[in-house]
Amino acid sequence: MNYISLSDKDKKEMLDKIGISTVDELFNSVPENIKLKRLLDVPAALSEPELVDKLKEISGKNKNAGLLSFLGAGAYQHYIPVVVDYLSSRGEFVSPYTPYQPEVSQGTLQVIFEFQTLICQLTGMDIANASLYDGASGAAEAVLMANRLTRKEKILVASTIHPQYRQVIQTYTRNLGLSIEEIDFVNSGKINTEQLSKKIDEETAAVVCQSPNFFGIIEDIQTISDIAHKKNALSVYVVTEPLSLGILEPPGKLGADIVTGEAQAFGMPLSFGGPYLGFMACSKKYLRQFPGRIAGQTKDVDGKQGYVLTLSTREQHIRRERATSNICTNQALCLLRATIFLETLGKCGLRDMATHNLYKADYARQKINEVKGIESRFSGTSFNEFVLSFNKPWVEIESSLREKLIIGGYNLQKDYPGLKNCALFCVTEMHKKEDIDKLAEILDEILRQ
Amino acid sequence: MMIREPLIFDISGTGKKAFSLPELDVPERKDLLKDIPSRKEIKDFPQVSEIEIVRHFTRLSKTNYCIDEGFYPLGSCTMKYNPKVNEKVAALDGFTSSHPYAALDVNQGNLEVLKTTEKLLQEITGMDAFTLQPSAGAQGELVGMMLIRACLKDRGDPRKIVLIPDSAHGTNPSSAHICGYQVQEVKSNESGTVDVDDLVKVLSEEVAAVMITNPNTLGVFENDIKKITDIVHAKGGFVYMDGANMNALLGICRPGDMGVDVIHLNLHKTFSTPHGGGGPGSGPVGVKKNLEPFLPVPLIEQNEGIYSFNYERPKSIGRVRAFYGNFLVVVKALAYILSLGPEGLKEVSEIAVLNANYIRKKLEGIYHLKYITPALHECVFSDKFQKEYGVQNLDIAKRLIDLDIHPPTMSFPLIVHGALMIEPTETESKRDLDLFINAMKQIAAEARENPEILKSAPKKSYVRRLDETSAARNPILRWQPAQE
Amino acid sequence: MYPDNYYYTKDHEWIRIEGNKATVGITDFAQKQMGDVVYVELPEIGTKLKFHQSFGVIESVKAVSDIYAPVSGEVMEVNEDLNDAPEILNEDPHKKGWVIKLNIEDKSELEELMSLSDYEKFLEGLED
């Protein structure tokens, strides 16, 4: 299959116009000793029916159909309203370029402006950008931003932040001489604020925490913000499950300077980890050091309201080596999905979905706690994820659950060696009461053996 | 479109709903959050009906120009047609409903997609190994720089400088800088290619890498590339290639055969995955064996037909994102490569270069060509002739909009003032190319005879020229409710 | 239009000398090249500058430009008006649009600067 639109006649006419007889002559500038003298060794072309069959065959090797999953850990199963797929698959949204010519990109730009507003409303912050690659790189960018703003090099990072996010922060900061220190957690599942108070000093650029954290526990955001501000450090919050902002007081009202995170929960299917949608929001006083594209409102020569990408001088294509970030492409189509999702759910729908998550997860935690051999590991309040500890090896339990077509929680031991036989379970509005009861029953059976 | 579609917040009204959930089937424990700061409502969050959502986004979509509608000659962006079958296969339930942390045996199909794509990209580029983790070209560049840095550190030879041609795209220096390197420029010669003498002058044992784009941002093939890579290697440095212009080289030659040590590709350029108005893209990074130990974790391995992740990589630079990359974007690129096959891939570059050279031949003399060196898949004119009438590339661009064509790239390369960087790609028909050529000819004539038409363009678009100055001086970055 | 008692640099800064003090700004040519100025990054008072060190950044909608010190010295004053009204740089680059005031460290450096006639010749040479 090919997507060429030139007829044989067209090709001949064009070659004649250029004054050559074959396309090979167009490549005379490529030295002979570099030119490939053979065709690429890739499989022969597939027709459309064959292509569809081939990809169906490969996707058929995935065994997720018919499995009941309780996995979360940074990627959440939520209902996606049908209009999200329907509208976001329009060619006018899928195929345009970045809106650098605003006169013909108002659709994309207005959607970005709406998204920025929604993120501000959810996080309680002044300004938001037009997305970053994902939550993890968002966390890294927030750390770099804090360093640029304060010119200080020490960063305190909660160990209760998603392990892969912390790895990404390490990767991004390693070459810049920043020093990252971790804060431990306590029995409530929250971070050790005493240890935080001891470790923070005048050299600290920022305190970075996640809430709800990786264990699902809601942190004392105001307390953490106050500790940070006493030492002139910035308070940065990471949110991997932003649905929680439907009912929890947002970090912006609890002293946050920067809020960043992952908006996959807002309309992105699980998709084996990507593409997802990083978001970032901050106080307006930090605007000049804020990374990422931003859309702004303005008027055209006739006085009509319109939108443009603005403050581009922060960005790499203009500021080059002194840019706030090297980010170029963002995640615009995912941003569109999130905007449609949030506007469809609306004020009441988002809150309802959040409360369903809260109550169902609580019901599940209580029900499963009744099973002998299982205990809630942490005492803090959680949103839709909770950690259970088992009196048998988790890997065996996990495997028995699989035989019953259930995917259990995330194994915490590999990231937190102290949490032996503990797993992180996630329950969302997608789980019915029967699903939860079934999980509890089967766990009961397994643990009785 | 006559209707001006307002912001959703201006359509919102209490009591309207577009969504419903089933009844809650578990007890409501209202005291759950008694000790937690919670919100009574999400203030000013929109409330609209489903039809209002559908109309809102349908109307907004119609104000966007897109490839499905017409020509998009943005230089170095490779705005080729996005095949619809790729969208369909990326939406297969087996792919979309996979949780990234489910057990390996649940996700074998996904791992096969990743590993197969890696292998195909290796063959296409002549590199030894690939990572599909970077989410975009710029992130791929950053990874490439980090790999070089890690390797040099491992050798006990950390270096400080990265050399970048003055014709390079802005992501190159900013990626090098974020990696902790100082950036120094290498000049281009009169042909627009890297001035090898200047390179030799600025090259030293403090140079970690030279970042090149090939073909460069003028569309010109760096024919001294083998000499350049030899010179850099002799001083112990690395050659990084920005693969944004790979659309000129498929099946013609391979970066790995030119001496390139590390390259990034843009799946959303060369490999047809949609731009989506600004992403998601994917920026895979390919390396030669010497850089392989430093690749991000995890690696994907295959043993007797079973795929697995390998995290035992002590020299790895770590992760640049959570999970494994923009997976669904990779699915689309894989489908594209499989549908083209070896002849199809070569034909992509042949026709991309034919289309660009046809445009160049037809517009020669009408627009100024600063560099007359033969170019491949793109051509860069400037507004020099039109400047005599007070017309700039910006005015030419805005007038093209009135003629229903998206303008070419204008903001770089920096070495051409008033640039018009045109990349047609291989999917355009002669009819569409001629439409563009005739529009450009018309505009050149208008510049002479009636420049006012250009300066007041566009006239027919949904909005006309926007005040970008006040947008930057007094930024309004979100909707706010009207003050009472 | 260019004041004849000012000195000029190849990077299009002007400098007005009064005894040991200097006022620095950018020329009309520079502001035209930049387009509408949207933001000016000013140095802190007390910053010690070396000859040709970048002390600030001027941003327009589509471009960024460093401003370089025409002489070595210590920053005594910065033009705070530019924070709220960066457009002054476009409207009146040679008077109201001054950027910083310096205490000159080494008067011999002034010999590197161009007079008005040198600068005008330099500008003619730039037309390409």
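A salt bridge is a side-chain nitrogen of Lys or Arg within 4 Å of a carboxyl oxygen of Asp or Glu. Keep that rule at hand for the first stop; the model on screen is a predicted one.

**Stop 1: chain C against chain B**

Show chains B and C together. Between them the count is one salt bridge. To find it, select Glu87(C) and Arg473(B): their closest N and O atoms are 3.5 Å apart, which means the pair falls within the 4 Å limit.

Now widen the selection to the whole interface. Nine residues of chain C are in contact here with five residues of chain B. Two residue pairs across this interface are in polar contact, both at pLDDT 80 or more. The size of an interface is often given as the accessible area lost when the parts come together. For chain C and chain B the buried area is about 540 Å², and carbon and sulfur atoms give 52% of it.

**Stop 2: the largest nonpolar core**

Select Leu350(A), Phe390(A), Leu412(A), Ile148(B) and Phe271(B). These have the most contacts inside the largest nonpolar core, a set of 319 residues. Next, pick helix H10 of chain B, residues 327–363; this helix gives the most to the core, with 20 residues. Then colour two parts of chain A: domain 1 (68–78 + 347–448) and domain 2 (82–342). Both give residues to the core, so the core lies between them.

Zoom in on Leu350(A). Among the residues it touches are Leu122(A), Phe266(A) and Phe341(A), along with Ile42(B) and Phe45(B) from chain B.

**Stop 3: a second core**

Finish by selecting Ala69(C), Ala85(C), Ile88(C) and Ile104(C). They belong to a second, separate core of 26 residues.

Note on methods
Residues are numbered from 1 along each chain as its sequence is written. Chains are lettered from A and ligands numbered from 1 in the order in which they are written. This is a predicted model: local features need pLDDT of at least 70, side-chain atom pairs count only at pLDDT 80 or more; totals for chains, interfaces and linings use all residues. Side-chain values use heavy atoms; hydrogens and water are left out. A nonpolar core is a set of buried Ala, Val, Leu, Ile, Met, Phe, Trp, Tyr and Cys residues joined through side-chain atoms within 4.5 Å. Buried means under 20% relative accessible area, exposed over 50%, partly exposed in between (1.4 Å probe, protein chains only). Helices (H or I, at least four residues) and strands (E, at least two) are DSSP runs, numbered from the N terminus. Domain bounds come from an automatic or database domain assignment. Contact means heavy atoms within 4.5 Å. Buried area is the accessible area (1.4 Å probe) that two parts lose on being put together, summed over both. A polar contact is a pair of N or O atoms within 3.5 Å; within protein, one must be able to donate a hydrogen and the other to accept it, and residues adjacent in sequence count only if both atoms are side-chain atoms. Lists of a residue's contacts leave out its neighbours within four places in sequence.
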